[in-house]
Amino acid sequence: MIPARLRCAHLDNPLGVAPGRVRFSWESGCPQAAFQIQVSRNERSLLSPDTVSWDSGRVPSAESSGVPYAGALLVRGGRYWWRVRVWDSGGTASPWSSPATFEVELDPAFGWQACWIGLGAVRESFKAPTADGPSDPVVNALHPSPYLRRVFSVGAPVESARLHVTALGLYEARLNGQRVGDAYLTPGWTDYGKRVLYQTYDVTSLLADGENVLGAVLADGWYTGFVGFDAKRAGAHYGAAPELLAQLVITFADGSSDVIGTDGSWQGRFAAVRHADLLMGEHHDLWLEPRGWDTPGFDPELGGGWRAVRCRDLDGRPLLADPGPPVRVTESLPPVRVWRDAAGRQLADFGQNLTGWVRLRVDGPAGTAIRVRHGEALDDDGFLYTQNLRTARATDEYVAGDGAAVLEPRFTLHGFRYAEISGYPGDLSPADVTARVAHSDIPVAGSFSSSEKWLDQLFRAVDWGQRGNFISVPTDCPQRDERLGWLGDAQIFARTACYNRDVAAFYAKWLDDVADAQLPSGAFPDIAPRLHIPWAGAPAWADAGVIVPWTVWKMYGDREVLERHFGAMTAWMTFIARGNPDFLRTRELGNSYNDWLAPGDDRTPPGLLATAYWAHDAALMAEIASALGRLDEAGEYRALREKIGAAFAGAYVAADGTVASGSQTAYALALHMGLVPEPLRSSTAAHLVAAIEAADWHLTTGFVGVGYLLPVLSSHGRSSVAYRLLSQRSLPSWRYMLDNGATTIWERWDGWSAGRGFQSAWMNSLNHYSLGSVAEWLYRFVLGIDQEPGSSGFGRPVLRPHPGEPLRWARGSYRSVRGVISAGWEVSGDRFTYRVELPPNLSATVCVPSSDASSVRDGAGNGPVSVAAFPGGAGVREAVFRAGPGTHAFTGPLAG
Ligand code: BGC
């Protein structure tokens, strides 16, 4: 019965949470009828109810996610312990959970006794690194990385120590020769003019008695490096040179404390990291490393070069605790093959398109120059293919020092499957080269497997695409000079992203970036963070400003994100309404990417797509407003939705149920957004199927339509057509990608095609997640793991599988905020069996399709509580059961 998996702000024992974000979640060990939370500044006082900061008392509620703190004012920088117990419906109380902790964000303005330090925008001339390396003007313009250090001493027993640290740029913090923490690319990407995030580390165990050295290496990162596709250093966007802000707070055993902040007493110099850039790569000259610079006893006078840092006072930018998960190395992959190309260069194939970098083990003569280039594919002649990276140099270089060394970059990221390694002394052995997979470290939530190998491959490719593109913000692609937080890609993939991984904290962070990028007009941006790019308002892109918060609430049941962004969402709705008084959204469409990259012509009328999304926004806003208890606004949005729906039907839906242009996307949008009048729906669905048949059973959808196509078919009695599209092997199809070597989802259906080869290198990412939005259908329809309309956080799950040829079986799971829900089915002869498992606090409605629904039985031989029409197959009926916690199996005749 004991509640487990206690989390605060969707994170495990976070070390920095804004007071407004302190929300509690747990998994109940029983069907929860009530809960009690206690929060205390002292672990021991949790045992005495008088000294707690908040005691919720017994709250009759099944809620176990996103419960807001409602106690005494939280102390900035304070550490808190909390625990929870629950009661079941019979009134039995569980024991208290083990305590979990959280620490409160420092005061964003007054919590810092430190200043920004750096070495200014000094450029040092760059020497061509390798024998064959050109002296490239882009590379010549890159900055060397500042190394910064300060000595301090500890003279009393330490109870605990926290390092709060951030940079304008990227930092790697060091304490007494050790790397602090395991996060990379910190502090992550935000609009640094509007907010700067910092991280907090527990460094108690790194401190020593006596002399200590706190240090950091900085890099340009998003702040002042190359970002986006304009091949322009971001100096133009945010600032000219990286700076560090750090504050080490030491609490001594006697209760006193000491603060060591960045200030004018720090020293700095440039050293081994000659440049480090996200797009261009890194150059390390190990000869130039001042060995031991971050350890006690180091004498800066010996090697020379250290000078006083520049110090700049805090300037009013809010300094906020990072609400998201950090980027970490989550896996290391050995190569599947190491060989030489026709020019004798050594190549490694990691068997998987991934995001990260290469780690090399080398033991060669001092001064050996090694260069690692990265690419997603090989060209026809077997050479590394890099044209599609555009101006991203994606090259790491090293000049080796004395003796054996492990070489890897620290501040860059490449999207690659292959690496070309030149200058390596001798033959590379597979043991000497490793791919380090790095991305925002987001826990896995979903699983899927089936009787078809290719489908499992597709599922893995989607997840790899998500891993490679969730890097502080959800990006479009990880390899070329773009890597931007495109909102269209993000919204179409959001539901899939939630099923695959627990992205609640990740989206919480990015939705602040979206709000920061909103224009004063109310238009949501097309890209967040926005850089200098003013593009905004594009249908299906900007609408992410409503869709993603709604999705987070829907999947996690957390209202915080809705409360936080309600104002921004309302401003957006006002912006659209202002421009479109006739309820057809044909104006203020910004760049209107429409059904981006639809194969052939994108025939869908832009006004149709835009109006469908407006209707969708209005429907979601009505749900959002009612979830927030804003009932008047909910009513207004429902009324708005009706007006848009009527205008849409009048303009785009004909009396025979055809939808204007007849594109698959037009049908999918009209049906998915519920814009076809009820009596016409089945003929509209038939027209959609006819459009698919006219394309010889191929899809013709781009980024937008693809996300709705299979779900719409399955919810309108046409699951068999959905399976047919899924199984299609010729262009355009998902299987075409897989058959041609894809290990992540491509940007374009024809990223590579037989005869023509690669699509235009100008825009051809082989790792873009948008077309992978199909995985939502695998979870919600194939496995059937879904929830009742209007409900959130899987409080009211509905388990309804949609079996279909060629699958003989499928199974998988989803770790909801209430616990793991598993579902799977198999076909054996003409019998169909559906197995589900529910966590201890969940009951579900289970709907089993069958040719004879009333004869379906559960494990105890009981029949259904009712029989209803099955949405997935014309004329099929479903047996409806109620299932409680635990495992269940339902068997009956297979639906025909
Ligand atoms: C990006 C997309 C993005 C699109 C906008 C492309 O360059 O890679 O993923 O959504 O532009 O149309």
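## Tyr192 and Tyr223

Tyr192 and Tyr223 are both buried (under 20% relative accessible area with a 1.4 Å probe, protein chains only). Their ring centres lie 5.5 Å apart with the planes at 80 degrees, so the pair is edge-to-face (centres within 6.5 Å, planes over 60 degrees apart). Tyr192 sits in the loop between strands S12 (178-179) and S13 (196-202), and Tyr223 in helix H2 (residues 221-224), so the pair ties together parts that are 31 residues apart in sequence. Helices (H or I, at least four residues) and strands (E, at least two) are DSSP runs, numbered from the N terminus.

## Basis

This is a predicted model, in which local features need pLDDT of at least 70 and side-chain atom pairs count only at pLDDT 80 or more, while totals for chains, interfaces and linings use all residues. Residues are numbered from 1 along each chain as its sequence is written, and side-chain values use heavy atoms, with hydrogens and water left out.

The model has 43 aromatic pairs. One of them, Tyr80 with Phe102, is stacked, at 5.2 Å centre to centre and 10 degrees between the planes (stacked: under 30 degrees). Tyr80 belongs to strand S6 (residues 79-88) and Phe102 to strand S7 (residues 100-103), so this pair ties together parts that are 22 residues apart in sequence. Both Tyr80 and Phe102 are buried.

Ring pairs join Tyr80 and Phe102 with Phe24, Trp54, Tyr69 and Trp82 in a cluster. Arg41 lies over the face of Tyr80, 5.5 Å from the ring centre (for Arg, CZ within 6 Å of the ring centre and within 35 degrees of the ring normal).

Technical notes: Phe/Tyr/Trp six-rings, centres within 6.5 Å; stacked < 30°, edge-to-face > 60°. Buried < 20%, exposed > 50% of the residue type's maximum accessible area, 1.4 Å probe, protein only.
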